[in-house]
Each structure stands twice: as C-alpha cells, then as structure tokens.
Amino acid sequence: MTRLKNYIKGIWLDAKSGQYLDVENPGTGDIVSSVPLSGKDDVRIAAEKAAAAFGTWKEVPAEKRIQYLFGMKAILEKNADEIAAICTKESGKTLAESKGEIVRAVENLEVACGIPTMMQGEFSEDISSGIDEFVIRQPIGVGACIAPFNFPVMIPFWFFPYALACGNTYIVKPSEKVPGAMTRIFELFEELKLPPGVLNLIHGAKETVDAILTDPNIKAVSFVGSTKVARHVYSKGTESGKRVQAQGGAKNPLVVMEDADTETTPKIIADSVYGCAGQRCLAASTVILVGGAREKFKDKIIAAAKSKATCYGLDEKSEMGALITKESKSRIEKIIEEARSKGATILLDGRNKRVNGFEKGNYIFPTIIENIPEDSDAATTEIFGPVMNLKYSDTLDDAIKFVNDGPFGNAACIFTASGPAARKFRHEVAAGNIGVNIGVPAPMAFFPFSGWKDSFFGDLHGQAKHAVEFFTQTKVVIERWHEDWTRKF
Ligand code: NAD
C-alpha cells in the first residue's frame, strides 16, 4: 500500500509526527493508501521553507511567474485521465465528475495567468505641483489552503494559482480523506522546476489545521469545508493576525414556478440534487414547488431521480457514485429514518440498495422525502447526500421567505419563464450564488465564488479579482520630483 509523503522545499518527506491514516475507496471499500497526519513540527518546517522562498519568488517578475502556471495547465490537460481516475477512486464520484473538476482547475490557472494585468495599480499625476501618488499591490508572504473532501482537485486551484502569480509562496493541505489526487499533481508538477519552497504540500487533519492557524510564518489562510470548522478556522486564524477567508456548508433551496419548462427542469433538478451523490456545496437540497408547479412537476421529478444510474464511479454507466465514508452513509440513513419516524413521507427510498460487485461501497440511491417536520435533522441540518426535501408553497413570496429564514446562504435557484419572477427572486434572496434556470450556479473562474450567512466567513472570496486582493496588500506612494532634481528640497 502506498504511504503518501509531504512535499516541502521540493523534497518528498515523511511526516515527523509518524502518524498515518488509511484512505479508503468509497466505491469499493478497499484501502488505497495511507496518509500522514502531520503535526506542528511538520507545519513549522513547511512554513519556514515557504517563508524563505518568498524572499526571492516575490522578486521574479509576474510575467515570468505565470509561465509556471501555463506549464501547470499543460500538465493537468495531458494527465487528466490519470488524475481523474485517482480522484474517483478516493472520492467515490463518477469519472465524468472528476474530469469536470480538472476543467475547473484549468480555468482558474488560465484566469490567474492574467495577474500582470489584474495586479496593476492606480496612478494620479500631479496631485500637487510636481507630486505624484500611486497605489501598488505587493504579495503578503506565505499562504495556505485547507481543502474539503468533495472536490479534491478543483478547490486548491481556487487559491494557489493566484497566490503564486501574485508573488506569494504556498502550502496546500488536502482533505485527509482524498489526499492522492493532489499528491499526484505535485509529482507531475516537479518537471516544471518551480524554485524549491514556492509550492508545498502538507497532509493531515485537525492537528495540522490548528498548527497552520497559529504558525507565525503563514499570513493568509483559505478554508473550504463545513460551517462548524469554517467558523473555528476564521476565529482562530484572525485571532492569530492572519487574513482568513472561510467557505462553509450549505442547504441550498431550488424554487420551481408553474411556468418553468416541463421538459428540461426535472432533469436539471435531479442533476443538481444527485450530482456527486449530493456532496456538492452548490447542490440543491430543498426543492420548493410553487402553486400549480406541484401538479405539473412532482411526478416528473420523481421519475428523473429514479432514472439516475447509481454505481461505482469508474463504471462508465455511473451517473451517481458513492458517499465519502461509511460514517457519512449511516449518518444520512439515520437522518432519513428520523424524518420518517416523525411523520415525513418517503416518496423514493434509496436506502438498502445493492450495487452488484460493490457491496462494500457506501451507496445510497436517490431519495425524495416530503412533509419533513421542521424540527427534524432532515429539515435543519446540511445532509450532504442524495436526499431531496420536497416542499410546497402557495406563492413566490412564501418560497422566498422560507429561503431567507434558513441559516445558510451559499446558493439559491429559481426555475421560471417569467422575467419579473426571476428578477424578484435574485433581488430578494439572501444567498451568494444565484441560479435562474440553472441547477448548480457555480461561478466561472473569472467571477468570485460567493457565499453569504453561515456559508462564508470573511470579506474576499476565492477566484479572480477577489483572490488577487486577498493575496496582495496595497502600498500607497506619494512621490515628489522637481524638474531640476538636484535642487534642494
Ligand atoms: P470538513 O469541515 O470536515 O473538513 C474540511 C477541512 O478541515 C479538511 O481539510 C479537514 O482535515 C479539516 N478539519 C476537519 N475537522 C476539523 C477540525 N475540527 N478542526 C480543524 N480542521 C478540521 O469538511 P468536509 O467534510 O471535508 O467537506 C464537506 C463540507 O464542505 C460541506 O459542509 C460542504 O458544504 C462544504 N463545502 C463548502 C464549499 C463552499 O464553497 N462553501 C465548497 C465545498 C465544500
């Protein structure tokens, strides 16, 4: 079995902590590798090496720094099939979903290649006679990202390409549940001969994260994961004087109006709820049918959900793969059971289903529940699995009120043929990513990945211009030059 290593200052190293965790293939139950659980010393060394590399990396012209990103793009594209297969074996998602992640990672590299323009400052000439004033952007030092399990490839690319292009050095900490894809990417990146220490990889879990949050050499932390941990990372990181952006969990509503397109809407809804087995932070979780939409869409949505082929992600027929862990599977099964015991109706029950040949995998098939009591976990918590909460409301106003009463604000979508209804929804809804006739409103790399309320802690988001602002600090210069510069001031 492969024992993974950390990558620090261009060298593959065992963790000093000496602690390891088995990594399981969620689709088969097989152990695929063991991952180091790095401790405080491992983080300290990585951060020291990254801080030492910062001194010279920030002096490399941005135009030269981005040449490495062009190289990364070529490597990802050339090796997409291999990386996607590793991602599927560790995360349980389908091969098509893993390939989609790589496309998103590449888009971020492409946008970050625009840093020479995006980093440009502002200039005012002659603010007073012979005096000019300007703002320049400079890198802040060592950055680190802490990633979740559900997008092992894409999420670190929301951050580190921008950090490096701006002149910072960096540490990536993947989720301990899916460490292999990023490890392979780092192996492949070795051919680029990045200066040692510029880009580092450190594996681990809670202890590793807590060491990152207090290490004095690390100046900026980007976190993506559950709300509970996002809150902890934000408060502990900012308390240590770091810049922190922390993206949290979600429970995304999707509103269907009676005039929505009957042909396309049910399939888009099923793709949103069941893509990545519901383990997507922008996945719809609660589907609200407004007025006559109940009559028109309920059966079609159930049919679309039933048609999703659930099997091992490497099987080409698979449209929905496995859940990340056995604990996650049993947690979700308990949530479904609790809702049922409190009076909910299970319209489609995905529990206790068999995927032939993969009996040890963590599978729950598409599930739909209606009339979920408001005090049940299914109504109040992020399920993060293939479970749809089907609800009904009389008016769009009621639906918007329901959306806005919830604690999260990651995504909200509406399906309608009415411009005014769509406008009202996007204007009034308290969420950071809005979809109109779109089921998964994932921002392209040249837009920030937004998020409101308990779904985001911080000010600046990942991707594009927000990332450039996050990874740079402004310096304002006021400069006086007389025509005869030898004249005494
Ligand atoms: P998680 O919070 O369990 O773990 C995220 C990271 O934090 C991992 O690297 C993990 O090692 C670390 N971690 C876990 N527990 C910790 C603790 N107690 N203290 C310090 N660090 C800890 O999240 P997950 O289960 O890996 O990912 C799923 C969650 O991520 C869901 O809630 C999902 O909504 C969220 N997510 C959000 C977005 C977004 O953009 N808002 C995107 C993807 C996923």
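Ser-34 sits in strand β5, residues 31-36. Strands here are DSSP runs of E with at least two residues, helices are runs of H or I with at least four, and both are numbered from the N terminus. Ser-34 is buried, at 5% relative accessible area. Buried means under 20%, exposed over 50%, partly exposed in between, with a 1.4 Å probe and protein chains only. Leaving out residues up to four places away in sequence, Ser-34 touches Met-1, Thr-2, Arg-3, Leu-4, Tyr-20, Leu-21, Asp-22 and Val-23. Touching means heavy atoms within 4.5 Å.

A word on the model. It is predicted: local features need pLDDT of at least 70, side-chain atom pairs count only at 80 or more, and totals for chains, interfaces and linings use all residues. Residues count from 1 along each chain as its sequence is written, and side-chain values use heavy atoms, without hydrogens or water.

Now the rings. How many aromatic pairs does the structure hold? The number is 13. Rings of Phe, Tyr and Trp (its six-membered ring) pair if their centres lie within 6.5 Å; planes under 30 degrees apart are stacked, over 60 edge-to-face, the rest tilted.

Take Tyr-312 and Phe-358. This pair is tilted, with centres 4.6 Å apart and 35° between the planes. It links distant parts of the chain, 46 residues apart. Tyr-312 lies in the loop between α11 (293-306) and α12 (326-341). Phe-358 lies in the loop between β15 (345-348) and β16 (367-370). Tyr-312 counts as buried because its relative accessibility is 10%. Phe-358, at 24%, is partly exposed.

Ring pairs also join Phe-157, Phe-160, Tyr-170, Phe-470 and Phe-471 into a cluster.
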